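Here are some notes for a colleague who is opening this entry for the first time. Please look at the sequence and the structure before reading the points.

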Amino acid sequence: MIDPVIDWLLDADPAIRWQVMRDLTDATAEAIAAERSRVAFEGWGSYLLEQQRPDGQWGDGIATPFWWSNIYTLVFLRDLGIDPQSPRVRTAIGRVRDHVTWGPEFGDSPFFHGEVEPCINGRVVALGAYFGESSERLVDRLLSEQLADGGWNCEAERGSVRSSFHTTICVLEGLLAFEHAFGSSSTVTDARQRAERYLLERRLLRRLSSGEMIDPLWTRFSFPTLWHYDVLRALDYLRAAGIPPDPRVTEAIGIVVARRQDDGRWPLDVQHRDTLYPELAGDVGKPNRWVTLRARRVLGTRAAAR
């Protein structure tokens, strides 16, 4: 079947091409692996690796703090699906592991040991799982910080007892990645399922008490998401977690469908402040391959093509 949106997605950087081949086409495993292998040596993946300093850090520490440039460059590399076993990637991760810390404010904690905020530490757990740098201590810390309602909040250390969607999705992605990489445990799975219920009980965007929409910005889509929550990010997580169809996500699915343009593509609605490498993310208001890829795999190829 001819699908012009798939053709448009494939006419892109290897980082997008290999994920489209994997998620939206019938390409062979060999073809997908071959395309993925290009990410570390061509296009955006190669560009980001080239920006790393000899001391393992990214950026200059002036335009943005080193911790921000480091974590969100690595998140970007993970989003690209760069092969973590590529020799270029192993060299880059070795520099991070051996040299990069969170600075004196956090006792010069090594990068993959994390810091104190669960939104950041959830991201670090996901990165460690992806790049083969496990930190069970950091997972244990996150489990100990889960709130009574099922989620997490970076403001808990300042007294908050209500979870944050932003923090919770970051931790959920980290715990899921940890289980996929290092094996499941009842403790981690139970915590993750409690947090999934937290999102589902609120239909991914509404207050449990009143049914009011919490933030209309969550219906508009960005890439990269940084620490921000939106319903497309939540749906992509549920897909990755293998959550079966649930009527509580019907509204969120409808929002994704409604954001689709007449030509079958999705635009970039938002570019968050302090987004790194905005030239790779795309222009606000224009059709965006990253958003379209994520929307298509959430909806399924057939449903999205209608």
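1. The lining of the largest cavity sorts by class into 7 nonpolar, 3 polar and 1 charged residues. The model is a predicted one. The lining residues are Phe-112, Val-124, Val-125, Gly-128, Ala-129, Glu-133, Ser-134, Ser-135, Leu-138, Phe-178 and Phe-182. About 40 Å³ of space lies in this largest cavity.

2. Which helix gives the largest share of that lining? H7 does, with 4 residues. H7 and H9 each supply at least two residues of the lining of the largest cavity. Counting cavities of 30 Å³ or more, the model has 3.

3. The open spaces come next. The largest pocket holds about 810 Å³ of space. It is lined by 26 residues, and those closest to its centre are Arg-78, Asp-79, Asp-236, Arg-239 and Arg-297. Two or more lining residues come from each of helix H2 (14-24), helix H5 (66-80), helix H7 (118-131), helix H9 (165-182), helix H11 (231-241) and H14. By class, 11 residues of this lining are nonpolar, 4 are polar and 11 are charged.

4. The second largest pocket has about 630 Å³ of space. Of the 30 residues in its lining, Asn-153, Ser-163, Ser-164, Phe-165 and His-166 are the closest to its centre. The elements giving two or more residues to this lining are H5, H7 and H9. The class count for the second largest pocket is 13 nonpolar, 8 polar and 9 charged.

5. How is Gly-81 placed, buried or exposed? Gly-81 has a relative accessible area of 5%, and because this is under 20% the residue counts as buried. Gly-81 sits in the loop that runs between H5 and helix H6 (87-99). Leaving aside residues up to four places away in sequence, Gly-81 touches Trp-18, Gln-19, Arg-36 and Tyr-130.

6. Aromatic rings form the next topic. With ring centres within 6.5 Å taken as the test for a pair, the count comes to 16 aromatic pairs. In one of them, the rings of Trp-44 and Trp-290 have centres 6.0 Å apart and planes at 35°, so the pair is classed as tilted. An angle under 30 degrees would have counted as stacked, and one over 60 as edge-to-face.

7. Where in the chain do Trp-44 and Trp-290 lie? Trp-44 belongs to helix H4 (residues 43-50) and Trp-290 to helix H14 (residues 289-299), so that the pair links distant parts of the chain, 246 residues apart. Trp-290 is buried, with a relative accessible area of 3%. Ring pairs also join Trp-44 and Trp-290 into a cluster with Tyr-47, Phe-76, Phe-223 and Tyr-277.

8. A charged side chain and a ring complete the list. Arg-265 lies over the face of Trp-8, and its distance from the ring centre is 4.7 Å.

How values were computed:
Residues are numbered from 1 along each chain as its sequence is written. This is a predicted model: local features need pLDDT of at least 70, side-chain atom pairs count only at pLDDT 80 or more; totals for chains, interfaces and linings use all residues. Side-chain values use heavy atoms; hydrogens and water are left out. Buried means under 20% relative accessible area, exposed over 50%, partly exposed in between (1.4 Å probe, protein chains only). A charge sits over a ring if NZ of Lys or CZ of Arg is within 6 Å of the ring centre and within 35 degrees of the ring normal. On a 1 Å grid over the protein atoms alone, a cavity is a set of points where a 1.4 Å probe fits but cannot get out, and a pocket is an open set with protein on both sides within 12 Å along at least five of seven lines; lining residues have an atom within 4 Å of a point. Grid points are joined across faces, edges and corners, and a volume is the space filled by probe spheres set on the points. Ala, Val, Leu, Ile, Met, Phe, Trp, Tyr, Cys and Pro count as nonpolar, Asp, Glu, Lys and Arg as charged, and the others, Gly among them, as polar. Contact means heavy atoms within 4.5 Å.
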